Amino acid sequence: MMNDNAQNLRQSDLAHYMHPFTDTEALGKEGGARIITRAEGAHIWDISGNKILDGMAGLWCVNIGYGRKELADAAARQMNTLPYYNSFFKTATVPSIELAEQLAARTPAGLNHVFYANSGSEANDTIVRMVRYYWELEGEAQRQIIIGRNHGYHGSTSVTASLSGPHMHGQGGVPLPGFSHIAAPYLFGADTELDAEAFGIQAAQALEERILELGADKVAAFIGEPVQGSGGMIVPPASYWGKIQRICKKYGVLLIADEVITGFGRTGKWFASELYDIKPDLMTLAKGLSSGYLPISAVIVGDRVANTIIHKGSEFVHGFTYSGHPVSCAVALENIRIIADEGLVENAATVGDYLQTRLRDLKDHPLVGEVRGIGLLGAIELVQSKSPRRFFETKGEVGTRCRDHCFANSLVMRAVRDTMIISPPLMFSKAHVDELLEKARKALDSTWADLCANKIE
Ligand code: PMP
């Protein structure tokens with residue numbers, strides 16, 4: 001019965017459901033989608049009853065873990081009191097005000113205003129309009145260009161795909177004009193003899209070169225994820241962000257920290273801006289803000305931009321029906337309470353250290369060129385040859401095969417090109433890390449066996 005049902009659902013899925021970031025035809029040939037039916041703690045279950053360790057916290061978002069009834073209760077309470085009201089036209093709701101106050105208090109000093117949206121993409125889209133409006137109000141309307149980075153990911157709308165790196169460009173008229181990209185601080189991927197410190201400075205220097213090339217009077221802002229996530233988990237050298245900030249300051253360029261992944265404890269601090277001593281003018285938050293239980297995102301606006309928009313501007317002609325949705329805000333408030341009361345940020349730091357140590361054990365594996373990470377973010381980069389270091393020419397195929405072996409071993413790890421990514425819930429224990437590493441090694445062994453048997457073209 002269960003199997004019939006699964007089969008019917010899979011067929012229906014293939015017939016009607018266009019999945020994000022999916023080759024539907026290929027999915028059909030591979031037997032259709034894996035259907036997830038329930039979850040608890042750090043584990044998910046599929047429709048066939050397989051229990052799978054979620055090494056990705058959904059899509060880097062279920063920070064508190066699955067199954068927290070308190071969030072369901074908070075949503076039900078708010079739905080029974082006020083299921084919806086907007087924040088347009090001189091109105092607000094209690095949870096949207098309380099959450100704004102919390103966010104202003106928890107984020108680094110100087111970030112005191114909140115603009116709500118529903119996704120990371122919408123928040124970054126908002127930032128692009130806000131930043132350009134800021135420069136218009138400052139009498140420098142020609143400052144339009146926003147500089148991002150290769151391997152950056154800031155969303156999938158036309159604007160935010162343009163902000164993202166070239167891997168997001170090419171389809172559907174993207175990139176739009178007004179965006180520019182510099183290299184990422186990706187040491188392992190670079191052909192360089194420099195040590196990490198010198199490489200970090202050189203990578204940041206690329207920003208100054210680009211600003212001068214474009215003309216400082218044309219550059220509105222620089223955007224970066226403190227640690228690049230979906231572009232391949234790129235952890236910058238310690239020297240990088242300091243230099244980036246000095247350059248932004250020198251040319252008056254606004255600095256945007258996209259903390260959609262790194263926010264709410266992922267790196268062992270509430271925000272990675274604290275970790276790298278970044279003082280952003282604007283910060284993007286989503287994912288961990290509600291642990292993914294409901295959609296919500298926020299732009300945290302620093303005093304420099306907020307003061308101009310509030311005092312020099314008039315109406316900011318921007319907003320969404322669901323900006324500051326009271327149910328999402330109530331859920332986010334409860335989520336933040338749990339993160340704080342249960343010490344999940346501290347747990348991410350402690351268990352994160354353990355994860356980083358255990359990851360290093362994988363270095364002896366013939367496929368593993370590098371392991372890297374910070375807090376509860378980890379990456380295992382697979383290479384064709386360790387010394388001399390050579391990447392696979394069939395970019396992504398080995399990673400995809402390894403991801404499939406992970407699933408077969410009841411583990412979710414994501415593959416970005418040939419890098420395996422780990423970003424588990426922050427309630428992960430050391431025992432969870434051990435379970436993850438054991439399954440990951442099995443998946444690596446099976447991938448290696450496939451390669452040795454020439455089963456990967
Ligand atoms: N910024 C970053 C850093 C992200 O990782 C993501 C999503 N992975 C986004 C923005 C876009 O968020 P959303 O998918 O909610 O639009």
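A helix here is a DSSP run of H or I at least four residues long, numbered from the N terminus. With that in hand, select leucine 333: it is found in helix 12. Keep in mind on this tour that the model is predicted.

**Stop 1: Leucine 333**

Is leucine 333 buried or exposed? Buried counts from 20 or more other C-beta atoms within 10 Å. Leucine 333 has 22 C-beta neighbours inside 10 Å, so it counts as buried. Now show its contacts, leaving aside neighbours within four places in sequence. They are Pro95, Glu98, Leu99 and Gln102. Next, select alanine 74. Alanine 74 is 259 residues from leucine 333 along the chain, yet their C-alpha atoms are separated by 8.8 Å.

**Stop 2: The whole chain**

Zoom out. The chain holds 15 helices and 15 strands. Its radius of gyration is 22 Å, close to the 23 Å that the globule rule gives for 457 residues, so the chain is as compact as a globular protein of that length. Buried residues make up 47% of the 457 residues. Consider the contacts between residues at least 6 apart in sequence: 71% of them join residues at least 24 apart.

**Stop 3: Two domains**

Colour the chain by domain. Domain 1 covers 34-64 + 343-452, and domain 2 covers 70-341. Their centres, taken over C-alpha atoms, are separated by 26 Å. The contact takes 25 residues from domain 1 and 23 residues from domain 2.

Stay on the side of domain 1 that touches domain 2. Which elements give two or more residues to this side? Select these:

- helix 3 (57-60) and helix 13 (344-360)
- strand 11 (368-374), strand 12 (377-382) and strand 15 (419-422)

Helix 13 gives the largest share of this side, 5 residues. By class, the side has 15 nonpolar, 6 polar and 4 charged residues.

**Stop 4: The core**

Nonpolar side chains tend to be buried together in soluble globular proteins. Look for that pattern here. The largest nonpolar core has 124 residues. Select Val131, Ile146, Phe222, Ala298 and Ile300, which have the most contacts inside this core. Helix 12 (residues 326-341) gives the most to the core, with 8 residues. Why does the core lie between the two domains? Domain 1 and domain 2 both give residues to it, so it lies between them.

Now centre on valine 131. Beyond its neighbours within four places in sequence, valine 131 is in contact with Ile146, Ala220, Ala221 and Leu254.

**Stop 5: The ligand**

How many residues surround the ligand? There are 14, and the closest are Ser119, Gly120, Ser121, Gly155 and Val260. Helix 6 (residues 120-137) gives the largest share of the shell, 3 residues. The shell divides into 4 nonpolar, 8 polar and 2 charged residues.

**Stop 6: Alanine 203**

Select alanine 203, in helix 8 (residues 196-214). Alanine 203 counts as buried because it has 25 C-beta neighbours inside 10 Å. Setting aside neighbours within four places in sequence, its contacts are Ala183, Pro185 and Tyr240. Alanine 203 and isoleucine 380 are 177 residues apart in sequence and 22 Å apart in space, C-alpha to C-alpha.

**Stop 7: Backbone exceptions**

Most residues other than glycine have a negative phi, and most peptide bonds are trans.

Start with the cis bonds. One joins valine 174 and proline 175, with omega about 15°. Proline 175 is in the loop between helix 7 (158-163) and strand 6 (179-182). Another cis bond runs from serine 387 to proline 388, with omega near 0°. Proline 388 is in the loop between strand 12 and helix 14 (397-408).

Now the positive phi angles. Phenylalanine 21 has a phi of about 45°, although it is not a glycine. Find phenylalanine 21 in the loop between helix 1 (2-16) and helix 2 (24-29). Phenylalanine 21 is exposed, with 6 other C-beta atoms within 10 Å.

End at histidine 151. Its phi is positive, about 65°, and it is not a glycine. Histidine 151 sits in the loop between strand 5 (145-149) and helix 7. Is histidine 151 buried or exposed? Histidine 151 is buried, with 26 other C-beta atoms within 10 Å.

Key
Residues numbered from 1 in each chain as written. Predicted model: local features only at pLDDT ≥ 70, side-chain atom pairs only at ≥ 80, totals over all residues. Rg over C-alpha atoms; globule rule 2.2 N^0.38 Å. Buried ≥ 20, exposed ≤ 12 C-beta atoms within 10 Å, placed from the backbone. Contact = placed C-beta atoms within 7 Å. Core = buried A, V, L, I, M, F, W, Y, C linked by C-beta atoms within 7 Å. Domains from an automatic or database assignment. Near = placed C-beta within 6 Å. Nonpolar A, V, L, I, M, F, W, Y, C, P; charged D, E, K, R; others polar.
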